[in-house]
Each structure stands twice: as C-alpha cells, then as structure tokens.
Amino acid sequence: MPEAYRSDITVIGAGIIGICCALRLAEKGLQVALVDRNNPAEGASHGNAGVISSWACVPQSLPGQWKKIPGWIIDPAGPIALRWSYAPRMFNWLLRFLDSAQLNRVNDIADALLLVNRDSFLLYQQMLEDTGSEDLVTESHYIHVFRNSAAADPRLLQWALRRERGVPMDFIDGDELREIEPALSNEYKAAVVIQNQGRALNPGRLGQALAEKAQSLGVSFVRAEIKDLQLIKPDHWLINHKAGVIPARKVILAAGAWSAQLLRPLGCEIPLEAERGYHVVFSEPGAQLNNSILDNEGHFAASSMDMGLRCAGIAEFAGLVALPDYRRAQMLARLAKRMLPNLNTDSVSEWMGSRPATPDSLPCIGRVPGQDGLFGAFGHGHGGLTGAPTTGQWVADLVNNEMSDSELFSYRLDRF
Ligand SMILES: Cc1cc2nc3c(=O)[nH]c(=O)nc-3n(C[C@H](O)[C@H](O)[C@H](O)COP(=O)(O)OP(=O)(O)OC[C@H]3O[C@@H](n4cnc5c(N)ncnc54)[C@H](O)[C@@H]3O)c2cc1C
C-alpha cells in the first residue's frame, strides 16, 4: 500500500469545500488524504465570481418567486436555462424548491445560511496567514445595482431578511454609486451597498494556496476517480477507484455536484442538482471595479481579479454530463459590456462549472445516516466559496467529537 494511501480520514473532492475540510482536519493532527480526479480547485471552485459574502442569508427560493420563473426560462437572455430533455428529472427538486419558499422556512434557512457564511472572510484571512498568498483575498463591499430603483426598495423581503439579521447596508442613488464605482454605466439608478465582506482575487489560486498549506501539514493528495464506497467493518471503508482501492477509517464526501451519485448506491438519496454557471474573463478590460458588483436584473456578478475582469452567473439545469452551451457565456459578455460601457472585450475567455444545488439553498453537512464514519460536506450552491471555511471547521470538529450532530441540525442530510 503506498504511504500516501494510509490515512485516518479520506476527503473525496478537492474543491474549496474538501480543501478546507482537509486543512482543518490536518490542523488537528489527523492523518488525511485528499482525493480528486483533477488537481485541487479546478471545479466550480475555480470559476466562481469570487464574492466572499459573509452576510449572505437570502435563499434562492422566496415567496412569490415562482411567478417569475417561467418567464426567466422562456427568455433566451434570462438568468435561468433548462434543457427540455432534462426537465422531467427536475420535477421533484423543483417541487421541493417551491416548498422552501414558505415564509417560516425562509426565515429558518436565512438564519442557517448566515451561520455558515458569517465568519468566512476572517477565516480566509486566518487560513492564509504565512502562506505568502495573503493578498488573494481583500476586504470589499458587495454592491447590488439596479436600473429600476423600485427593486431597491428597503421594504422588499430580500432586504428585510438582511436588515432583521443586522446586515450593514446602505441604500444609495446612481450618482453616489458612480462615486464608488466610476466605471459603471449611468443606466444604474440605485444600489444597495452591503459592507464588511470580502472578495477573492483569484478563486482557483485561493483553493490551491490552501491545498498547498494542507499538504505542508501532511495531507497527501491522491489523484483518482472514485467509483464507489463500501463499509466493510467498523472504521474500515474501502474507496474504490479505477486503478485500485483507498482504505480509510472515516470518509468525508465533498465531491460537489457529483456527491449525490456516490451516495445513491448506499441507499441515500439526496436531491442535488448541478446548477451550471458560466463566466467570461476579459484579460485586458480597460475598466476597473473596486468591489464585487451584482447586476440585479441580469443576475450576474462582476469583479476585477488578478487575471482580468470576471463576470459570472446563469443557472442552467441540464444534469452532470451535458456539454456546455457557450452561447450563455456570450450573453454574459454582452451584459458585461452594458454594465461597463468602456470595457475592452477584445480578449475574452469562457468557462462553465456546476454549483452543487440543494432545493432549500442549504448545504448538507454532517453524518450520512446509517453509514458509520461517512460524513457529507456538499451542496453549497451559490455560496460555496463563502461557506467553505466554516464548513471545514465544523466537519473537523464533528469528526473529532468536538461538535455534536444537533448543532448541525439545519444542515443534516436526512432533512429531505
Ligand atoms: C458561475 C458561478 C459563480 C459563483 N460565484 C460564487 C461566489 O461569488 N461566491 C460564492 O461563495 N460561491 C460562488 N459560487 C459557488 C461556488 O463556486 C460553489 O458552491 C463551490 O465552488 C462548491 O465547491 P465544492 O468543493 O463543493 O465543489 P467543486 O469545486 O465542484 O469541487 C468538487 C470536486 O470533486 C471532484 N469530484 C467529483 N466527483 C469525483 C469522483 N467521483 N472522484 C474524484 N473526484 C471527484 C471534482 O473533480 C471537483 O474537483 C459560484 C458558482 C458558479 C458556478
């Protein structure tokens, strides 16, 4: 057995969630292997919008939103896309998504989202200490911008949910917005500035820097495509891959959008969809943003990063294997030019990746029911970059018996 394969704990998936789990476990002195078919942070964790949204607490499913969804889907330039051949498989997920919009559920979900996101920026700063990569995250506002001022009405539910939870927000007009962000189009008439957040200047490199730190603490990285998992006796899991088997005492499943398909053979059904998103990066943008910007109508986020200016968004439902449809990225490029009139679009690259999306917007964190020694850490949807540091900390505490299952009740895997 190669030395690298002997571990107390094996983490499957080296996205930002698996990396943070492995790092926190290693900090506790545990022997950890981190397994992925690709290099660390190449999945959704590479291409996201970089918003470290410590105040994120508004779920995707809100009361009354169902009325807008058909229009969004039918509009080829809308923020949601559905491959019709895939639609029947979405049915149950969609019903649960709509069910999550009940107001009492929305309030509980908002509390649980805030808890997993709240400390993210501070924790990133702490985890990056002494790596030489401290400048990969920076303090930032998260500015939601509007062409129609009515959508920035503080009485709307999305703002009320934040206000009730102490989110520091300023409601400003278009002129005040352009004082903060001169490059933005004067089409924007209003904005909501959410303060005290962070942003990643290169999300992929952030994941890699933390993976390197984990390796320096003894985590071994194994490159393998996992086929299935078997518990053969207490504290003895076999993780099967194409070229062999990895034994482990405990297993953390952090395989992002692919997590549910590894659980299914164990009799555990989780409603997890691949919510595919796209980005475009303009490598010589000629325009600069000082903060993370969310275009409310276009439903995409823009940020200046170290490789250029990135715009990311779109929610496309087409399963795990369909090829990317880069017309969606081209649509993002057009929206970006409208957001930033002086944007130089000559040099642009496109990307697609899958958010691991649960219907209630909450991640699955905790024990896999009936599977001794198997833990889930997936399903962070739109907020996995943000939720990763706390998820890693909680998983390490749970595995090391420093946290109880009841503290993770909102995120339990058997809630569906
Ligand atoms: C367009 C877009 C914009 C976003 N913007 C933001 C943002 O601004 N802020 C924010 O907080 N979040 C954002 N997100 C969400 C965030 O990127 C994700 O929630 C997060 O990256 C999920 O991390 P993960 O580790 O669970 O998944 P991933 O990064 O996808 O990692 C999963 C890993 O598991 C591996 N894997 C899967 N199956 C197997 C197998 N069988 N064997 C071996 N390896 C396997 C994969 O190769 C992959 O490396 C965005 C997402 C998208 C798509």
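This is a predicted model: local features need pLDDT of at least 70, side-chain atom pairs count only at pLDDT 80 or more; totals for chains, interfaces and linings use all residues.
Trainee: What share of the residues is buried?
Mentor: Buried residues make up 50% of the 416. A residue is buried if 20 or more other C-beta atoms lie within 10 Å of its own, exposed if 12 or fewer, and partly exposed in between, with C-beta atoms placed from the backbone.

Trainee: Which domains is the protein divided into?
Mentor: Domain 1 covers 3-46 + 205-269 + 361-415, and domain 2 covers 56-198 + 273-357. These bounds come from an automatic or database domain assignment. The domain centres, taken over C-alpha atoms, are separated by 26 Å.

Trainee: How many residues does each domain give to the contact?
Mentor: Domain 1 gives 29 residues and domain 2 gives 29 residues. Two residues are in contact if their C-beta atoms, placed from the backbone, lie within 7 Å. On the side of domain 1 that touches domain 2, the elements giving two or more residues are α2 (44-47), α9 (203-216) and α12 (384-399). That side divides into 12 nonpolar, 15 polar and 2 charged residues. Here Ala, Val, Leu, Ile, Met, Phe, Trp, Tyr, Cys and Pro count as nonpolar, Asp, Glu, Lys and Arg as charged, and the others, Gly among them, as polar.

Trainee: Where does the ligand lie?
Mentor: Domain 1 and domain 2 both give residues to the shell around the ligand, so the ligand lies between them.

Trainee: Which residues of that shell come nearest?
Mentor: Of the 42 residues around the ligand, Gly15, Gly43, Gly256, Gly277 and Gly384 come nearest. A residue is near a molecule if its C-beta atom, placed from the backbone, lies within 6 Å of it. Elements giving two or more residues to the shell include α1 (16-27), β12 (273-282) and α12. The shell residues divide into 16 nonpolar, 21 polar and 5 charged.

Trainee: Changing topic, what does β10 pair with?
Mentor: Strand β10 (residues 236-241) is joined by 6 bridges to strand β9 (residues 226-233), running antiparallel. Two strands pair if DSSP finds at least two bridges between them. In this hairpin, with 2 residues between the strands, aspartate 235 takes a positive phi near 65°. A further 5 bridges join β10 to strand β11 (residues 244-253), again antiparallel, and histidine 241 stands opposite glycine 244 in β11.

Trainee: Then which way do β11 and β18 pair, parallel or antiparallel?
Mentor: They pair in the parallel sense over 3 bridges, with isoleucine 252 opposite phenylalanine 375 in β18. Strand β17 (residues 364-367) pairs with β18 in the antiparallel sense over 4 bridges.

Trainee: Why is β18 described as largely enclosed?
Mentor: 5 of the 5 residues of strand β18 (residues 374-378) are buried, so the strand is largely enclosed by the rest of the structure. Leu374, Gly376 and Phe378 point one way, and Phe375 and Ala377 the other way.

Trainee: Which phi does asparagine 196 have?
Mentor: Asparagine 196 has a positive phi of about 55° although it is not a glycine. Most residues other than glycine have a negative phi. Asparagine 196 lies in strand β7 (residues 190-200) and counts as partly exposed, with 13 C-beta neighbours inside 10 Å.

Note on methods. Residues are numbered from 1 along each chain as its sequence is written.
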